[in-house]
Amino acid sequence: YHLVMAKEPQCNVDKVAQLVSSHVMGATVESSIGTELSFLLPRGQSNAFPALFRDLDARSDDLHVSSYGVSVTTMEEVFLKVGEGSVTAGDEDIVAADDSNLSTAA
């Protein structure tokens, strides 16, 4: 899964990453560019998402995150990763994913 957040200038990326990792084992920062912060979340950890979302909602002002959304990794993204040679053992679950989307605003 991809977790994408809209961050404000005061956002401390390390603090947000710590929060995400405390809920979702194996979560990794994919990118932090401009006002967007993106994480890769392992498919097998989806049961931890509701608690993460509640925490993000409760702490969005403190974290300086204005909104977030989650989407399933697409097959195109899997093939691009394979082409880059960057697929790891943890990415095997991504191959079974479909293109459904979930999102919410903080």
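Reply: The model is a predicted one. Of the 106 residues of the protein, 32% count as buried.

Me: In what pattern do the helices and strands follow one another along the sequence?
Reply: The protein contains three helices and five strands. Read along the sequence, these elements give the pattern β-α-β-β-α-β-α-β.

Me: Among contacts between residues at least 6 apart in sequence, what percentage joins residues at least 24 apart?
Reply: A contact here means heavy atoms within 4.5 Å. For pairs at least 6 apart in sequence, the share that joins residues at least 24 apart is 69%.

Me: What percentage of the accessible surface belongs to carbon and sulfur atoms?
Reply: The accessible surface of the protein is about 6100 Å². The part that belongs to carbon and sulfur atoms is 52%.

Me: Why can the buried residues of α1 be said to line one face of the helix?
Reply: Helix α1 spans residues 13-23, and its buried residues are Val16, Ala17, Leu19 and Val20. Viewed down the axis of α1, these buried residues line one face because they fall within an arc of 160°.

Me: Which residues are exposed on the other side of α1?
Reply: Exposed means a relative accessible area over 50%. On the other side of α1, the residues that are exposed are Asp14, Gln18 and Ser22.

Me: Which elements are included in what covers the buried residues of α1?
Reply: The buried residues in question are Val16, Ala17, Leu19 and Val20. Their cover includes the strands β1 (2-7), β2 (28-33), β3 (36-40) and β4, together with the helix α2.

Me: Which residue caps the N-terminal end of α1?
Reply: A side-chain oxygen lies 3.0 Å from the backbone nitrogen of Asp14. The residue that supplies this oxygen and caps the N-terminal end of α1 is Asn12.

Me: Which residue in β3 is the bridge partner of Ala6?
Reply: β1 and β3 pair in the antiparallel sense over five bridges. β2 and β3 also run antiparallel and are joined by five bridges, with Ile33 opposite Glu36. In β3, the bridge partner of Ala6 is Glu36.

Me: Which residue in the turn between β2 and β3 has a positive phi?
Reply: β2 and β3 form a hairpin with two residues between them. The turn residue with a positive phi, of about 60°, is Gly34.

Me: Is His64 buried, partly exposed or exposed?
Reply: His64 lies in the loop between α2 (49-63) and β4 (65-71). Its phi is near 60°, a positive value in a residue other than glycine. Because the relative accessible area of His64 is 25%, His64 counts as partly exposed.

Notes:
Residues numbered from 1 in each chain as written. Predicted model: local features only at pLDDT ≥ 70, side-chain atom pairs only at ≥ 80, totals over all residues. Heavy atoms only, no water. Helix = DSSP H or I, 4+ residues; strand = E, 2+ residues; numbered from the N terminus. Buried < 20%, exposed > 50% of the residue type's maximum accessible area, 1.4 Å probe, protein only. Areas by Shrake-Rupley, 256 points an atom, 1.4 Å probe, with all protein chains shown as cover. Arc of directions from axis to C-beta. Polar contact = N/O pair within 3.5 Å; in protein donor to acceptor, adjacent residues only side chain to side chain. Pairing = 2+ DSSP bridges.
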